[in-house]
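Below are some notes on helix packing and strand pairing. Please read them alongside the model.

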Amino acid sequence: MTWETVIGLEVHVQPTTRSKMFCGCANSFGDPPNTNVCPVCLGLPGALPVPNAEAVRLGVVGALALGCTVHPTSIFARKNYFYPDLPKGYQVSQYDRPLATGGAVRCESPERGPIEVSITRLHLEEDAGKSLHDRYPRRTAVDLNRCGTPLCEIVSGPDLRSPAEARAYLVALRQLLVYAGVSDCSMEKGTLRVDANLSVRRPGQSGLGTKTEVKNLNSFAFVEKALEAEYHRQVGLLESGGRVEQVTLLFNAGTGELRVARVKEESHDYRYFPDPDLPPLVLAPAWVEAERAGLPELPTARRARYADRFGLPGYDVGVLTAEPETGAYFEAVVAAGADPKAAANWVMGEALGSLRETGGFPVPAPRLAELIGLVTGGAVSHQAGRKVYAELAAHPDHPPGVVAERLGLLQVGDESALAGWVEAVLAAHPGEVARFRAGEAKLLGFFTGQVMKASQGKADPKKVQPLLRSRLGP
Ligand SMILES: [Zn+2]
């Protein structure tokens, strides 16, 4: 018996604003508990909310990047529930009249190839505070700094058919929002959070099975793992004659297990109603169009441009466009005169290595372009070029040619110097010489490697090989 998986994702993204959604408190991460609070975000009597224009603008930019229709009028509504980290007793969200509806995200499904995932809606809301269970033994503390921070909730249609597809969608969605400048979308900092809905059904069946919601997912890899586990849990229940209950589950990344947290509420349980303190959010169509016109280049367009203009292979295009900063650095290296394919190789190798270690690109783009010129021109071997790169990373103001010379890495193409190394290598390996002369031609690579080693990478390999051939020849 086979089952089809049906997955929809609710993604909460925190737009990068200086202040909170409805008050002037700082929207910052990691401050001491309960320091960024005021009467508005604490819900004290008489305090009145004022929407944050930049949060609204970033919500609109995100919606446009996802191809959604931005509605001229949307309504802030109160979602009522009790929780210790929600002092107002309600969360301001948008319900039946959200900011935007009807977009799509294109991504590459590992099973089905290119797919288009529908976006049901994007709405604005405020976050709740945070309960801290690990701060004091056997007690729960509450930090209200996060109370009232802005969020965009992005709801996908039930279009995903496997956990791996869910992950591919998340990668594409994150990339779009980072490119659009909406948010840094960091799961570590909690500026991107994922709730996943999953149900199973028989292939060909058009109705949906009972879905469950999995929360507490703090990396894309865990989203995939948790959904795998939930698929097996549901299929196990159904195949043993049981049924799936509509529940919310928490994923334990340590054990890979799912635990039922509570029976899932229906939306009517929240008694949504329009917030009487907030008038309808009315956006001028001309302003929305100006934001659309101001959208930066998005990932699909950038990938097409890299393939067309630089003639790069698909793999390189994917790596260079994964983060906007990587592409910007690559383009600066090319603009400074480097060959695009060579620049792509250096950025994907050394520069991304630096980024992983230091969080930045330490070698200025024009310096890297100069270094690439030295390597492609044969003045420095590729191997030596990497040493020069490491030196440049520590001293970005030194010219690569000077560094190469100082480190004694300029290639030696001089016949007599090369001949000395060649003779020494051949003398040290009489067995290999005999085998080469007996027809084992592939040993040429071995000899070249030995000469490079003997010269500490300084010999010009293009000149070493002809020399080796003539000495080894009959
Ligand atoms: Zn506040």
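At what angle do helix H13 and helix H16 pack, and how far apart are their axes?

1. This is a predicted model, in which local features need pLDDT of at least 70 and side-chain atom pairs count only at pLDDT 80 or more, while totals for chains, interfaces and linings use all residues. Residues are numbered from 1 along each chain as its sequence is written.

2. H13 (residues 415-428) packs on H16 (residues 461-472) at about 55 degrees, with the axes 10 Å apart. Axes are lines fitted to C-alpha atoms over the stretch in contact, and angles run from 0 to 180 degrees between N-to-C directions. H13 is therefore oblique to H16 (under 35 degrees is roughly parallel, over 145 roughly antiparallel, 65 to 115 roughly perpendicular, the rest oblique).

3. From H13, Leu418, Ala419, Val422 and Leu426 meet Lys463, Val464, Leu467, Leu468 and Arg471 of H16 (contact: C-beta atoms, placed from the backbone, within 7 Å). By class, this contact has seven nonpolar, no polar and two charged residues (Ala, Val, Leu, Ile, Met, Phe, Trp, Tyr, Cys and Pro are nonpolar; Asp, Glu, Lys and Arg charged; the others, Gly among them, polar).

4. Three strands form an open antiparallel sheet in the order S5-S4-S15 (strands are DSSP E runs of at least two residues, helices H or I runs of at least four, numbered from the N terminus; pairing needs at least two DSSP bridges). S5 (90-94) and S15 (273-274) are the edge strands, each with a single partner, so one side of each lacks a neighbour in the sheet. Five bridges join S4 (residues 76-80) to S5, with Ala77 opposite Ser93.

Notes: Contact = placed C-beta atoms within 7 Å.
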